[in-house]
Number of protein chains: 2
Amino acid sequence: MRVIVPFDSCNPKTRLSEVLSPSEREGFATAMLADVLDAVDAAAESPTVLASGPVGIDAADTIVDERPLSTAVNDQLRTATEPVAVLMADLPLATASALDRLFSASGEVVLARGVGGGTNALVVRRPEFTVDYHDASYLDHLAIARDRGLAVEELDSYSLGIDVDEPADLAEVLLHTDGRSARWLRSAGFTLATDDGRVGVVRAERPAVEARE
Amino acid sequence: MRVIVPFDSCNPKTRLSEVLSPSEREGFATAMLADVLDAVDAAAESPTVLASGPVGIDAADTIVDERPLSTAVNDQLRTATEPVAVLMADLPLATASALDRLFSASGEVVLARGVGGGTNALVVRRPEFTVDYHDASYLDHLAIARDRGLAVEELDSYSLGIDVDEPADLAEVLLHTDGRSARWLRSAGFTLATDDGRVGVVRAERPAVEARE
């Protein structure tokens, strides 16, 4: 199995701008990528990072491709000589056991949905399949597989289903993981906050060092 | 397996007030309950609705208990003579295969997390376990099981993990299901809406009949 983890290193995670500065977003995105790579290692596979630019961690194998995500992934699929798994880099809840389920699922195409219609993880065993990550990509990927007569297995996984894009998603990291992303958030002052509904996060006020005497 | 589905029939789903009227919330909550009951039936078990008041559907078996959720559920656990599953009523993505995995998981306590720290589904095989559904109940349930020396299995399921509480969750229903809840939403004018981020929903303007001549 070839395991590809696309990573956007240019201004990542813009929807977290409300709670993280640009350099913090870069640090947190890199921590999430490291968690995903750790989970792939723990599932006894070797990940390849498919990055849009330089990556701030020592990845075993990195390919830089500045083209749009779908184009870059399809190029990898087109030239593959073995089954390919594609995992998003913002899945800090990913575990070895969830990845074992993904890698061992039997479809010609295996799809794991993400919140809001995305495709957080997939496995492709046939060259006819191509990706299209725009909009509700999960429905598009189901349709592409169907149109090309490929057998699809839908993997039912929460830990692969939670991609971290928005401030409310940070609670999932603190609730369910203890990896680098969770440690990054805690060191940045984030803690869980409960009110009447779902658990969220709050960030501690930090001393405004610059403003002091 | 005794399968209990708690249902709050008194002013349900208040966090959907922004997009649904009180009577619509009642109708939609009842449609979601019906979807959960259908999934339990499809998984070859017989559900019992544990309701806070009258329920607007023909359920095979209904118990009315006006006490708070945790109290009512703990009373069911205390008097059980077989393993008990407790499923929230707002899980319209629940499928027979996800419930099969839940019912057949081997822990003395089996827990399925929900978005924002909730416990959307659990199975209890030992009388020492009690529930506490306040705040981050998933962490509390893990702690309760640990404190009482019980073996926990965490079930990794997206379709049991998505409880529908907030407007953004409605997209999950339209994306991934074709049951009564999805039909209810479509008949009320909801459709998927894509922008740059996650897929959401929009609701069609309906003719303001009352205001016309």
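Predicted model: local features only at pLDDT ≥ 70, side-chain atom pairs only at ≥ 80, totals over all residues.
1. Chain A holds an open sheet of seven strands with mixed pairing, and the strand order is E3-E2-E1-E4-E6-E5-E7. Its edges are strand E3 (62-64) and strand E7 (152-155) of chain A, each of which pairs on one side only. From one strand to the next, the twist averages 20 degrees.

2. One strand pair. Within chain A, strand E1 (residues 2-7) runs parallel to strand E2 (residues 47-51), and five bridges join the two. In this pairing, Pro6(A) stands opposite Leu50(A) of E2(A).

3. His176(A). This residue lies in helix H6 of chain A, which covers residues 170-176. Is His176(A) buried or exposed? Its relative accessible area is 16%, and the cut-off for buried is under 20%, so His176(A) counts as buried. Leaving aside neighbours within four places in sequence, His176(A) is in contact with Leu93(A) and Tyr158(A) of its own chain, and with Arg113(B) and Tyr138(B) of chain B. With one of these, Arg113(B), the contact includes a polar one between side chains, at 3.3 Å.

4. Helix H7 of chain B. Which residues of this helix (residues 180-187) are buried? They are Ser181(B), Ala182(B), Trp184(B) and Leu185(B). Seen down the axis of H7(B), these buried residues fall within an arc of 160 degrees, and therefore line one face of the helix. Just after H7(B) comes Gly189(B), which takes a positive phi of about 100 degrees.

5. The two chains. Chain A is superposed on chain B by a rotation of 180 degrees with 0.0 Å of shift along its axis, and the RMSD is 0.0 Å. That is the relation of a two-fold axis. Of the interface residues of chain A, 100% are also interface residues in chain B, so the copies meet through the same surface. The side-chain contact from His176(A) to Arg113(B), described above, is one between the two chains.

Terms used
Residues numbered from 1 in each chain as written. Chains lettered and ligands numbered in written order. Heavy atoms only, no water. Pairing = 2+ DSSP bridges. Helix = DSSP H or I, 4+ residues; strand = E, 2+ residues; numbered from the N terminus. Axes fitted to C-alpha atoms, helices over the stretch in contact; angles between N-to-C directions. Buried < 20%, exposed > 50% of the residue type's maximum accessible area, 1.4 Å probe, protein only. Polar contact = N/O pair within 3.5 Å; in protein donor to acceptor, adjacent residues only side chain to side chain. Contact = heavy atoms within 4.5 Å. Arc of directions from axis to C-beta. Least-squares fit on C-alpha atoms with pLDDT ≥ 70 in both.
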